[in-house]
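Dear colleague,

I am handing over the structure below, and my notes on what was found in it follow directly after. Please read them alongside the coordinates.

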Number of protein chains: 2
Amino acid sequence: MTRTNVALLGFGNVGRAFVRLLSEKKALLCQRHGIGFDLRAALRSAGGVLAEAGRDSLDLAGLDREGLAAHPLFRPGLGPEAVFDGLEPGVLVECMSAHPDTGEPALSVLREAMARGWHVVTASKGPLAADLCGLRRQARTKGVVFGFSGATGAALPAADVGLRSLAGADVTSVQGILNGTTNFVLTRMGEGLDYAGALSEAQRLGIAEPDPGRDVGGWDSAVKLLILSNLFFDECRKLGDVAVEGISAATASEARRAAGRGKKLKLLARADRATGRTGLRVGPEALDARHPLYGVDGAEKGVSFATDTMGVVTVVGGRSDPRGAAAAMLKDIILAYGDRKT
Amino acid sequence: MTRTNVALLGFGNVGRAFVRLLSEKKALLCQRHGIGFDLRAALRSAGGVLAEAGRDSLDLAGLDREGLAAHPLFRPGLGPEAVFDGLEPGVLVECMSAHPDTGEPALSVLREAMARGWHVVTASKGPLAADLCGLRRQARTKGVVFGFSGATGAALPAADVGLRSLAGADVTSVQGILNGTTNFVLTRMGEGLDYAGALSEAQRLGIAEPDPGRDVGGWDSAVKLLILSNLFFDECRKLGDVAVEGISAATASEARRAAGRGKKLKLLARADRATGRTGLRVGPEALDARHPLYGVDGAEKGVSFATDTMGVVTVVGGRSDPRGAAAAMLKDIILAYGDRKT
């Protein structure tokens with residue numbers, strides 16, 4: 001069985017969920033897929049642990065950030081360079097925090113990792129929004145895997161379905177409900193709540209972040225739309241190319257009006273190839289019961305593809321919590337290493 | 001660019017749709033995926049055409065069965081053996097008619113093709129119901145591709161999503177609306193039509209076959225469930241292991257009653273892993289609005305997976321006509337040859 005080094009960058013919720021998942025799925029990875037992963041490095045901003053060749057691989061499942069800092073191998077200030085210098089290339093699992101526009105510092109780390117021959121999987125939208133095209137080009141040139149399912153809807157297989165399940169078809173439009181927070185708020189407003197009430201309920205349930213600005217402003221949806229659209233349509237557009245309208249207190253009456261007419265107001269992200277350049281737009285739209293995303297309620301997400309040869313294919317659901325994002329990254333790794341049983 | 005021989009067995013609706021699609025997608029296959037296919041053989045039961053190495057590849061797009069028989073290279077009685085003997089192994093596209101239980105004659109041809117080193121893609125459920133396990137084992141042993149998306153829901157990516165998009169997750173249950181005819185009839189009965197009226201409407205629209213026995217009896221759903229379940233759960237169960245209940249005239253009042261309670265009656269196919277062996281069942285069930293397949297109406301199909309790490313993922317839609325089945329087979333071929341751009 002092949003054994004592969006795994007290095008984790010970022011020890012937040014997603015990074016720790018990945019560590020737990022890797023430990024939990026050890027037997028399955030070995031038996032079903034014939035691959036063995038050795039966790040050899042885990043970094044957070046303050047430093048990290050590194051188990052060089054010859055040492056046992058790391059068992060960090062169950063540790064929190066403080067636990068990591070208290071690990072006997074923890075070295076303050078340990079950075080990605082030390083990992084690249086100290087280990088044979090394997091899979092880099094990138095779950096750092098990244099600036100939403102520049103993608104840094106994650107973007108530079110991803111580039112450096114690929115340049116050094118590491119496969120990379122990422123849960124960060126920032127680097128993809130900033131330079132998906134360049135990263136994909138670099139991965140092809142270097143012959144390494146570049147997985148980003150965890151960044152485009154977590155366990156919702158939006159990227160897979162669009163790229164793999166529709167291979168050979170031309171996608172003519174993509175429509176998505178790509179943000180759980182706004183979908184929850186809109187669902188509750190359609191049921192009669194006002195904006196502030198719906199939003200504070202979402203925060204109470206842990207669906208909305210304390211500062212929900214990027215979600216309600218439509219920017220989280222716009223970034224995901226940009227990534228998916230660049231991917232499916234092989235373009236290199238920028239966030240500024242997306243026409244974005246979010247939701248606000250004023251949207252509540254629109255949501256109630258839609259409900260009164262048997263419709264549902266959704267924050268719809270659309271990429272349409274109708275004429276020339278792909279039109280990219282995020283904004284509230286009232287969907288009727290025949291729309292494929294009509295039934296996507298609460299914090300759920302979904303994406304619907306119209307194609308030339310396969311009709312309309314819609315995929316809905318998937319956990320969007322840290323465990324879901326970690327599972328999506330693990331999937332990218334498995335697919336990259338080849339599922340021996342399919 | 002790699003050039004690969006393609007041999008088509010079966011020149012019915014799906015086979016002819018595949019020929020048209022291959023011709024239509026020639027440029028895309030070359031530019032986007034770097035693969036070139038040469039159609040070198042096409043057989044129907046009465047005989048077929050074969051273009052051996054050195055000859056131009058065949059252009060059969062637009063031909064019907066009579067057109068094939070009138071082709072200058074047509075040889076009456078030409079069978080699969082002549083194809084295997086006359087060509088370098090490539091991709092065998094199998095769209096023959098097959099006995100629903102034994103899978104013959106398609107099953108033997110698939111086995112022989114793999115034994116001779118051909119990759120195979122199939123649109124026939126029969127061979128898969130009879131021996132999916134054996135065929136997959138043979139494909140692994142011989143190192144050839146075995147694609148069967150076209151047989152498990154046409155362009156609905158049920159097999160892909162279950163195998164690829166959920167890689168690394170444990171699927172705990174699969175629920176599907178896997179038959180368009182019964183779903184159409186049930187939808188119309190929920191709207192007030194009686195069984196005979198709904199069925200004859202389905203036949204008028206070309207959704208139901210003139211003899212809809214296998215559909216309304218639940219057997220088409222049961223075969224698809226068996227294939228998907230054996231695939232996802234890595235089992236070798238038989239059709240007799242599925243508890244099957246179909247729909248009938250008596251179902252109409254049940255459908256209306258469900259509609260009166262805000263529910264929808266669906267012919268649900270379920271594989272549950274709850275305890276020990278997977279429980280396999282097809283039968284009418286009233287779904288409420290929160291069920292992920294509630295919105296799958298008319299002739300549409302859908303499948304929903306419950307998993308341990310990715311939550312519930314549901315995929316809906318996809319053309320189920322010959323063009324959809326042909327597109328699904330082409331997808332399997334593209335994925336097998338590796339999408340160079342992903």
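**Notes on the model**

Among contacts in chain A between residues at least 6 apart in sequence, 72% join residues at least 24 apart, where two residues count as in contact if their C-beta atoms, placed from the backbone, lie within 7 Å.

Please bear in mind that this is a predicted model, in which local features need pLDDT of at least 70 and side-chain atom pairs count only at pLDDT 80 or more, while totals for chains, interfaces and linings use all residues. Residues are numbered from 1 along each chain as its sequence is written, and chains are lettered from A and ligands numbered from 1 in the order in which they are written.

Chain A contains 13 helices and 13 strands, these being DSSP runs numbered from the N terminus (helices H or I, at least four residues; strands E, at least two). Its C-alpha trace spans about 65 × 45 × 35 Å along the principal axes. Buried residues make up 55% of the 342 residues in chain A, a residue being buried if 20 or more other C-beta atoms lie within 10 Å of its own, exposed if 12 or fewer, and partly exposed in between, with C-beta atoms placed from the backbone.

A:Gly47, in strand β3 (residues 47-50) of chain A, is partly exposed because 16 other C-beta atoms lie within 10 Å. Leaving aside neighbours within four places in sequence, A:Gly47 is in contact with A:Phe74, A:Arg75, A:Pro76, A:Gly77 and A:Leu78.

In chain B, seven strands form an open sheet of mixed pairing in the order β4-β3-β2-β1-β5-β6-β7, two strands being paired if DSSP finds at least two bridges between them. Its edge strands, each pairing on one side only, are β4 (75-76) and β7 (146-147). Strand β3 (residues 47-50) of chain B runs antiparallel to β4(B) and is joined to it by two bridges; B:Gly48 has B:Arg75 as its bridge partner in β4(B).

The same surface serves both copies, since 100% of the contact residues of chain B recur in chain A.
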